[in-house]
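I opened a notebook page for this structure. The entries below record what I looked up.

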Amino acid sequence: MRHRLLFTAKKLLRMGLLLLGVSIVTFLLMSASPLDPLQTNVGQAALGTMSQEQVERLEAYWGMDTPPLERYAGWLTDLLCGDMGTSLLYRQPVTSVIWQRLSSSLLLLLSAWVISGVLGLLLGVAAGVWRGRWPDKLIRGWCLLLSSSPAFWLAILLLLVFSVWLGWLPAGLSVPIGMESSLVTAGDRLRHAILPAVTLSITGVSNIALHTREKMVDVLESDYILFARARGESMGSIVWRHGLRGISLPAITLQFGSVSEIIGGSVLVEQVFSYPGLGQAAVTAGLGSDLPLLMGITLITSAIVFGGNLAADLLYGAVDPKIRRRAAK
Amino acid sequence: MTERHWNRRAGTLLFLVLAILVLAGITAAGIFLEEEAAVTDFSRTNLAPGAEFWFGTDWMGRDMFARTIAGLSLSIRIGLLTAAVSAAAALVLGTMAATLGRRADSAISWCIDLVMGIPHILLVMLISIACGRGFAGVVAGVSLSHWPSLARVIRGEVLQLKNAPYILVEEKLGVSKLQVACRHMLPHLFPQFLTGLILLFPHAILHEASVTFLGFGLSSEQPAIGVILSESMQYLTTGRWWLALFPGLSLVLVVVLFALLGERARYLLDPASAHE
Amino acid sequence: MEKERQNKKPILEVHHVSIWFTRYDQGIRRSSLPVIRDLSLTVEPGEVVAVVGASGSGKSLLAHGILGILPYNSHMEGEILYGGEPLTKERAEKLRGNGLALIPQGVTYLDPLMKVGAQLTRGRKDEKTKERCRQVLEKYGLGPETADLYPFELSGGMARRVLIASAVMDEPRLIIADEPTPGLDARAAGRILGHFRELAETGAGMLFITHDLELALTIADRVVVFYAGETIEEARAEDFQDEGRLRHPFTRALFRAMPSHGFAPIRGSQPYPGTVSSGCPFAGQCEAGRKECGEADRIPVQRVRGGLVRCLYPEKEETV
């Protein structure tokens, strides 16, 4: 048990250091940018009409007059106090922007994560069991096609079919346009989240399915499956009892490793569907050089990715009998 | 036996040659069509796909087929460039991690974890911003974000080779390190590297298109697929489906071709397949 | 005793069985590789029949063929009878585990992520099965706590005993042991073989597949010698007491290669299965080989001195 605790502590420390690294990298990249936030946000023409004093005030607002090192140090000390600064575009604390956006993205992310995981696992197992025959070929071809399609194009395609042609589902946003927020029902939110969630789920499937298939093929070719057959176990029982057990460990790694991909996909999908989530906020912040917001979003998404890795490591320990038995001693 | 085997390999080889020819043809045709893609003609705006304009025309009367081919050509060229840079970085960093001792190894592994921890698209966005967006931004962004997985593979491969008995024996016999590296390590590493490189293309192309779509990549004057699709968004609700369908589909086909190319190349370069 | 055995009906009869591997190249061309050719043998109740052949001579495929678990890219011809009735694929499926059992080579044949007990009971959770599981483990000197262990927690010898226990769970009438002792020291191997002998004493037929002739002779009643995918001799174990009683030149060479009989190496190497298309596969290495040996289309099996031999000019009986 002590061993496991030590292991977790080590992982947490490493995760902290990695997050520090992420914040430094993000900051360096943003401050290296030749793009002038005033020109992008205020505009050349507007700047020309302003007095020197006004321009200086704006420069101070966008943090352009502070040296980068000082600016980062200030940001980091604030962060340690739980303050991520104020978003320059939204004029709200970064924490509250992220909180709002994340809570609306979470519905998409979670459902896509679960659906793509389950679907990918099922398809991968099926392809592995019927290796070389038509279900396998079909699934592999489908996965190749999906993994070769840009997520935003799939989103556009689904939007064309289901919103424009069939008119079944709304084309964008997370709530109906022009409706008072108090009148928006959970059903409305759900209806607006269907298409983005479906797109995200579809894009996540192929990676998981292909890897699961490979592992399943390995397992089914193993000596212990041969022996299970020799003992008279039926194919169904073999897949159920030994196959799924054999792919459980790699499946954990795959499932939690897909977190990063899903978040990345959500940036594109939310943009297409104008879904007001974290991904869309990241694009807005990036285009508008909103440094504090972009730093906050990068940090939070990375923390989620690293958290996923950590969860996979810990779950591994709970599932793998070798680690479990050693921990029990 | 040998004859049959040759046939199978020959089939794969034929596919490789054909795929490369198709891709090279698209690339060349795209460069050729670049000017035509920019021609606006307001007498032929918003035409649906037909015999004259296969992919239709847009609101400025530009030929969508020419734009698509020019865009694909640009995508392929950027894909080649970024995949090559990424693979080279992966080769150097992977080899360094495996040969320069534990400190270098843990430092590079840490970097790999760091890069993999930031969602890909976000990282490409950030690097592109740092380079002022545009062509330089998207090339730097895609190049600098795609090396970690291949670097990991190469690191593992070199580590395994370094401790292989026959390499250890050579070193004991006093064969120089350079000679060992050239004679024994490179031939093993090369196939891995090459397939890794080819399999990077699809990712590179898709990420270039995605980042351009979001507005962090190529500028809107360039006939990039990302630009085309991003512009098409405004016209979808008015029923101009062809603006999005064909350019996207063409991109998917090109990426599929690259993915198959990588898969087949892996089969050809895998020594085990020679004994099948 | 000889007479008594003759009265019993054999449990397993293998008549002229051949096994091919089929490969598809690019979906159109198909090529077949014969791995086992024209193999015949019988196993009677209470008898241990050893199949002895070099590694890579296709012995394991024989076991898989009888059990009906050959890989999908292979096919089998010939006739296999179990208890006098044809052993079809469907029948083999029903018999696997209860009438027909396999003892495989080692611990890799156990699911690394499943407890031993669950593998023995095959998922059945009733009290009777659990009790039977405890019984067979105990029979092989394994305590009831073994059922709660994972394969990686077993020692080599324990794993081997678990594999035997798993084979006898349902008291099969035929047990096929495929190289069950490699990696074990002589004493442990001896103990395992002792268990096999016990199983035969209870009336089960035992097919013991091994590359080790010396080991086979310690428990076998009859020995079938396998060479490049063909059976070249079937002899009683007693025949191996004296080289002069053996019939095939290869068997004699094998005899002389045993440590206790001079350790004489066999000249040349065995051809891979499927590479010999006509004549005697041993012709190239045979000291008594003649021209016809390599040219004859098929070497017939003949009965010589109560055993079977596949040779045009079997060795004469002599006292060495």
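What is the strand order of the open sheet in chain C? I read S6-S7-S8-S3-S9-S10-S12-S11, 8 strands with mixed pairing. Strands pair here if DSSP finds at least two bridges between them. Helices (H or I, at least four residues) and strands (E, at least two) are DSSP runs, numbered from the N terminus.

On provenance, I noted that this is a predicted model, where local features need pLDDT of at least 70, side-chain atom pairs count only at pLDDT 80 or more, and totals for chains, interfaces and linings use all residues. Residues are numbered from 1 along each chain as its sequence is written, and chains are lettered from A and ligands numbered from 1 in the order in which they are written.

S3 (48-52) and S9 (222-227) of chain C run parallel over 4 bridges. C:Ala50 has C:Val223 in S9(C) as its bridge partner.

I turned to a helix on the sheet. Helix H2 (59-67) of chain C touches S3, S6, S7, S8 and S9 of chain C, contact being C-beta atoms, placed from the backbone, within 7 Å. The direction of H2 makes about 150° with that of S7(C); axes are lines fitted to C-alpha atoms, for helices over the stretch in contact, and angles run from 0 to 180 degrees between N-to-C directions.

Methods: Contact = placed C-beta atoms within 7 Å.
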